[in-house]
Amino acid sequence: MTARYLIFEDGTVFAGDGFGAPAVTFGTVVFNTSMFGYQEIITNQIYNNQILVFTQPNIGSTGIQRNIYETIVPTIKGVVVRSLSNITTNNVRRLTLDQYLKQMNIPGITNIDTRAIVHKLREGGPMKGSIVPVPDDHAFDQLHATVLTSQQVAQVATPKPYPNPGVGKSVVVIDFGLKNGVLRQLSRRKCNVTVLPYTATTDEILRLDPDGVVLSTGPGDPNKLPASVLTMIREIEEKIPTFGIGLGHELFAMANGAKLTKLLVEHHGMNHPIHEVITDHVVYATQGAGYAVDPATIDRSKLFVTYTDMIDGSIQGLRHREFPAFSVQFFPDGAPGPDETNAIFDEFIEIMNRREAQR
């Protein structure tokens, strides 16, 4: 291994050893507290243009598996781990993490003080950083001059429609940075899925005569998306059962008049305790969010809260009072993480069934 450095825009330098691709990269540095599932996390499009620090000390022991990708081409900018394992306990793996990152031209750093990095990010929030071979003035000049795009959804969402065929309910998924776990859950319920770009209009959706619409997960600032997206959601929720996840939840809230706040410490990890308001039960789920719905801005005549985070009280779920539309901030598909919230997809199926029976 050769020496590599993670540098921050405030001048901080962390030294380690390189693995993966020997590339120089720039991105927003965030951390994830998950204990397993690094492949699904690295391939999740919510980490578009981000350098991801794992708090789990040892990463890589299960290699790369061919059936758990969340997207085929990851857009993460870097991986930072305390200890890299290239000796896998998984006898069906085809690639090590090092080999996979080389193939995808993604750099990594190991043998680095990830605890100190996490302390820094918890105090100051996500920060622009770079992975470089030499932390000299030129590297910092490049970092300061680099402007990270705010059009992240446009970078990762599909530009054209495509099908994921089934024999059950007809569901349109609006792709804002879709993770494959959502498609897996719909496929297990035999849904006939058509994935549309985030630019899809109400007419284009209605033309497919769907039983339901899913607003997918995705990266970036929801406020940077065009106003036409919110218009589409307002028009669709009146006509068709609608289910928002992650970024889709945030957009659903905005379409109904709520505003968002930026989280100082972003939620990235699994086993987050979530309070289900109607049952008073606690469920555990995977989260990946940099924004939260501001409770003070919710129009209570339109929406009511269904889930809250038990750590910081942030809103984790909403439901419309008049229309068959609801959303969750967390990832009910798991992938990776707890599967106890998978039943939310069953709830979506039931809503579509009831809607069909009322016609």
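This note goes through the cores, the aromatic contacts and the strand pairings of a predicted model.

1. Basis. Because the model is predicted, local features need pLDDT of at least 70 and side-chain atom pairs count only at pLDDT 80 or more, while totals for chains, interfaces and linings use all residues. Residues are numbered from 1 along each chain as its sequence is written, and side-chain values use heavy atoms, with hydrogens and water left out.

2. The cores. A nonpolar core is here a set of buried Ala, Val, Leu, Ile, Met, Phe, Trp, Tyr and Cys residues joined through side-chain atoms within 4.5 Å, where buried means under 20% relative accessible area, exposed over 50% and partly exposed in between (1.4 Å probe, protein chains only). The largest such core has 47 residues, and the members that touch the most others are Phe54, Val79, Leu97, Val171, Leu186, Val214 and Phe243. Helix H10 (residues 343–358) gives this core its largest share, 6 residues; helices (H or I, at least four residues) and strands (E, at least two) are DSSP runs, numbered from the N terminus. Another core, of 34 residues, lies apart from it and has Ile205, Phe252, Met254 and Tyr291 among its members.

3. Contact means heavy atoms within 4.5 Å, and, not counting residues up to four places away in sequence, Val79 touches Phe19, Ile42, Leu52, Phe54, Leu101, Ile106, Pro107, Gly108 and Ile109. In a regular strand the side chains alternate between the two faces of the sheet. In strand E8 (residues 107–110), Pro107 and Ile109 point one way and Gly108 and Thr110 the other way, and all are buried. Two strands pair if DSSP finds at least two bridges between them; on that basis E8 pairs with strand E2 (residues 13–20) in the antiparallel sense over 4 bridges, and 2 bridges join E8 to strand E6 (residues 78–80), which runs parallel to it. Gly108 in E8 stands opposite Phe19 and also opposite Val79.

4. Strand E12 and its partners. Of the 6 residues of E12, 5 are buried, so this strand is largely enclosed by the rest of the structure. Strand E10 (residues 162–164) pairs with E12 in the antiparallel sense over 3 bridges, with Pro163 opposite Thr194. The pairing of E11 with E12 is parallel and extends over 6 bridges, and Ser170 has Asn192 in E12 as its bridge partner. From E11 the chain passes through H6 to E12 in a right-handed β-α-β crossover, a term that applies if, with the strands pointing away from the viewer, the path from the first strand over the helix to the second runs clockwise.

5. Helix H6. The buried residues of H6 are Gly181, Val182, Leu183, Gln185 and Leu186, and they pack against E10, E11, E12, strand E13 (212–215), E14 and H10. After H6 comes Lys190, whose phi is positive, near 60°.

6. Aromatic pairs. Rings of Phe, Tyr and Trp (its six-membered ring) pair if their centres lie within 6.5 Å, with planes under 30 degrees apart counted as stacked, over 60 as edge-to-face and the rest as tilted; the structure holds 8 such pairs. The ring centres of Phe176 and Tyr198 are 6.4 Å apart and the planes stand at 45°, so this pair is tilted. Phe176 lies in the loop between strand E11 (170–175) and helix H6 (180–188), and Tyr198 in the loop between strand E12 (192–197) and helix H7 (202–206), so the pair ties together parts that are 22 residues apart in sequence. Phe176 counts as buried at 0% relative accessibility, and Tyr198 counts as buried at 15%. Phe243 and Phe348 form another tilted pair, at 5.4 Å centre to centre and 50° between the planes; this pair links Phe243 in strand E14 (residues 242–245) with Phe348 in helix H10, 105 residues apart. Phe243, Phe326, Phe345 and Phe348 form one aromatic cluster.

7. Charges over rings. A charge sits over a ring if NZ of Lys or CZ of Arg is within 6 Å of the ring centre and within 35 degrees of the ring normal. Lys120 lies over the face of Phe8 at 5.3 Å from the ring centre, and Arg319 over the face of Phe326 at 4.9 Å.

8. Phe330. This residue lies in the loop between strand E19 (325–328) and H10, and counts as buried at 0% relative accessibility. Leaving aside neighbours within four places in sequence, Phe330 is in contact with residues including Ile245, Ile274, Tyr307 and Ile344.
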